Amino acid sequence: MEDSTTNPSNGAFRHRVLSSLAWKYMETFGSTLASFVISIIVARLLGPKVIGTVALLTVFINWSTIFIQSGFNMALIQRSDIGQQDFSSVFFINSAVSILLYGILYLGAPLVANYYQIPELRSLLRVLALQLLPGGLVSIQSAIIARKFQFKQSFFRTIITVVISGAIGIYLAYAGYGAWALVIQSVASVYIGCIVFAIAIPWKPTLTFSWTRVKGLLSFGGKILISSLLDSFYQEMYSLAIGKRYQASALGYYNKGRQFPTQLVIAIDSSIQSVMLPAYASKQNDKPAVKAMLRKTISTSSFIVFPILAGLAATADPLIRILLSDQWLGAVPFLQIYCLVLLSHPLTIANGQAINALGRSDVTLRVNLWKKAVGFAILFLSLLGDIYTVAWGMVLSSVIFLVFNISPNKKLIDYGVLEQIKDILPYLLTSGFMFCIVYLWNFVALQSVLKILLQFVTGVVVYIGISKLFHMESLNVVIEILKHYLSRRKKNGSKV
């Protein structure tokens, strides 16, 4: 399969990236909004304890998914000489791994139930793990979309999947199915998405397999896989530790507080990163070009993500009261703390993508090993205190991790820590000032709905006003992306 992203002209390449970003932003905002609404309805119906119980199980599913979706998938995107034999070989390997992992979780489900002393976890985990089985096909579909910049197809797939699976989850939660509502919703989401993708991207495996090609992909993807496993293991260890050390309701508060900022930030930032990884890869032999793209990616991501996090932290109390009711107020401090944790996300992900696109997965692995050694030490020490100590430990870890993530690019593309901090500082300071102004509304005795509306308007006016006053370049980039999308929409008439 010929890679159409290789060596494009600068104008065509820029046009393609902007178009992809426009579609990816549509997918992000559409799916995030739909998922957000659905999660609010389900959380109000089920409560913190049920949400916390299912959160324990998603840890094992997330770890298993890493084996299937990482490594080979990243290699298929990064390598320029990929053909049908590569796709088919990876499909067969990932499908075999999916079946193996399902078998392990099926047999291990009783052990999980006994460890947490929650008998119903056995059957819940066995059903939830069914979402792993189509993983081989899903990994290929995702790689093809990224390589060919087919983010329009991804947009429709995501929206259809979220709406249908969300409707199923809401109905089952309302009907009193409890934790089963979340489990069935999650499984349905994977299978519906796989079917929609199969219609939009009619790829089929052929009876071809090459160990030589697989080994070549594994030389790059294997290191990515180990790095991803370390990342996932570290992140999910918090859920496992909190679920065992504290009550299930505490894990529910923690996960819901983490979910809101994480869902928004990762969705928005991944819109940029999913487009930029193949873009970096296509320019991997031109390091100044990679640096220029990385610099713009970090600036644009920070310009968008920082004010969102500042706004969420400032409005956390009225936001939780309105969306989830007073029974979820325990999630407020976790939401605010996690906003601080996620400030490093735009730089962390962008730097990692650039390193991988340059083919230096060995650097990614080495950095992750150091990060996790420090991270686990902080986690175990913080478990000596209460659950809030654990959360603040994550803030400390995120700062240390940021230095580890940026440092290699000083040598690789001459873009180090001080230069990157200088590039994001205007957005950080502006967001901090906006937070202070918006937070002042919390001291005014108003109804929650009116208060949050005033906070939103104040935040937008302050942030955009300062951005225009100081002529921040990223504001123009965002406007350009929006104009590009609107012009494409106008050109295509009513068709999206």
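Guide: Gladly! Axes are lines fitted to C-alpha atoms, for helices over the stretch in contact, and angles run from 0 to 180 degrees between N-to-C directions. Helices are DSSP runs of H or I with at least four residues, numbered from the N terminus. This is a predicted model, where local features need pLDDT of at least 70, side-chain atom pairs count only at pLDDT 80 or more, and totals for chains, interfaces and linings use all residues. Residues are numbered from 1 along each chain as its sequence is written, and side-chain values use heavy atoms, leaving out hydrogens and water.

Visitor: Why is H11 called roughly parallel to H18?
Guide: The axes of helix H11 (residues 287-314) and H18 come within 9 Å and cross at roughly 15 degrees. Angles under 35 degrees count as roughly parallel, so H11 is roughly parallel to H18.

Visitor: What makes Asp414 partly exposed?
Guide: Its relative accessible area is 42%. Buried means under 20%, exposed over 50%, and partly exposed in between (1.4 Å probe, protein chains only), so Asp414 is partly exposed. Asp414 sits in the loop between helix H17 (408-413) and helix H18 (417-439), and has a positive phi of about 60 degrees although it is not a glycine.

Visitor: How do you know whether His471 is buried or exposed?
Guide: His471 has a relative accessible area of 68%, so His471 is exposed. His471 lies in the loop between helix H19 (448-469) and helix H20 (473-491).

Visitor: And why does Phe456 count as exposed or buried?
Guide: Phe456, in helix H19, reaches 58% relative accessibility, so Phe456 counts as exposed.

Note on methods: Helices (H or I, at least four residues) and strands (E, at least two) are DSSP runs, numbered from the N terminus. Angles under 35 degrees count as roughly parallel, over 145 as roughly antiparallel, 65 to 115 as roughly perpendicular and the rest as oblique.
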